[in-house]
Amino acid sequence: MAEGSDTTLTAEQTSGQAPQGLVAGIKSFAAGHGGAKAVIEYVGKRGARIVLVGEDGVWGDQFADDTVVARDACAKAGVTVENAWERELMDQMRPSNDLWRSMARRTMAR
């Protein structure tokens, strides 16, 4: 399967109906950051992670039960879903100073 693919399904497929809270969260993020794009990542039994990248470079994430629900939520929220992490999208991301500080405190496990 290609990197960044959102076609892998979880073991128990849901109806594909996105919860209103998830849709509202995505809409809220997009409205607060001048629009947004999303990348959906399959994360096993946990479901799917929706990584949102705002037009201003701020990013955040939401979790859905599976990739079908994640894609449906993005469609209902009016957010474009990218098929993979393209260079242009990654260049747009601007990590906050707090994130840089938290990453600096972490040590690599060997």
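**Exercise 1. Salt bridges**

Glu41 counts as partly exposed, with a relative accessibility of 22%; here buried means under 20% relative accessible area, exposed over 50%, and partly exposed in between, using a 1.4 Å probe and protein chains only. This is a predicted model, in which local features need pLDDT of at least 70 and side-chain atom pairs count only at pLDDT 80 or more, while totals for chains, interfaces and linings use all residues. Residues are numbered from 1 along each chain as its sequence is written, and side-chain values use heavy atoms, leaving out hydrogens and water.

Solution. 

Step 1. Apply the rule: a salt bridge is a side-chain nitrogen of Lys or Arg within 4 Å of a carboxyl oxygen of Asp or Glu. By this rule the count comes to three salt bridges.

Step 2. Begin with Arg49, which is partly exposed at a relative accessible area of 23%. Arg49 forms a salt bridge with Glu41, where the closest N and O atoms are 3.7 Å apart. Arg49 also forms a salt bridge with Asp61, with the closest N and O atoms 2.8 Å apart. Because Arg49 lies in strand E2 and Asp61 in strand E3 (residues 59–64), this pair ties together parts that are twelve residues apart in sequence. Helices (H or I, at least four residues) and strands (E, at least two) are DSSP runs, numbered from the N terminus. Asp61 is partly exposed as well, at 34% relative accessibility.

Step 3. Turn to helix H2, where Lys76 and Asp72 form a salt bridge (3.3 Å, N to O). These two residues are four apart, about one turn of the helix. Lys76 is partly exposed at 37%, and Asp72 is partly exposed at 21%.

**Exercise 2. Strand pairing**

Task: In which sense does E1 pair with E2, and in which sense with E4?

Solution. 

Step 1. Recall the criterion: two strands pair if DSSP finds at least two bridges between them.

Step 2. E1 (residues 36–42) and E2 (residues 48–54) have seven bridges and pair in the antiparallel sense. Tyr42 is placed opposite Ala48 in E2. Five residues separate the two strands of this hairpin, and Gly44 in the turn has a positive phi of about 70°.

Step 3. E1 pairs with E4 (residues 80–82) in the parallel sense over three bridges. In this pairing Lys37 stands opposite Thr80 in E4.

**Exercise 3. The nonpolar core**

Task: Which residues have the most contacts inside the largest nonpolar core, and which elements each supply at least two of its residues?

Solution. 

Step 1. A nonpolar core is a set of buried Ala, Val, Leu, Ile, Met, Phe, Trp, Tyr and Cys residues joined through side-chain atoms within 4.5 Å.

Step 2. The largest such core has 20 residues, and Leu22, Ile26, Ile50, Leu52 and Val79 have the most contacts inside it. At least two core residues come from each of helix H1 (20–32), E1, E2 and H2.

Step 3. Take Ile26 as an example, with contact meaning heavy atoms within 4.5 Å. Beyond its neighbours within four places in sequence, Ile26 contacts Ile50, Leu52, Gln62, Ala73, Cys74, Ala77 and Val79.

Step 4. Examine H2, whose buried residues are Thr67, Val69, Ala70, Ala73, Cys74 and Ala77. Seen down the axis of H2, these fall within an arc of 160°, so they line one face of the helix; the arc is that of the directions from the helix axis to the C-beta atoms. Among the elements that cover the buried residues of H2 are H1, E1, E2, E3 and E4.

**Exercise 4. Confidence**

Solution. 

Step 1. pLDDT is the predictor's confidence in each residue, from 0 to 100. The chain has a mean pLDDT of 79, and 70% of its residues reach 70 or more.

Step 2. Where pLDDT is low, the predicted coordinates should not be read in detail.
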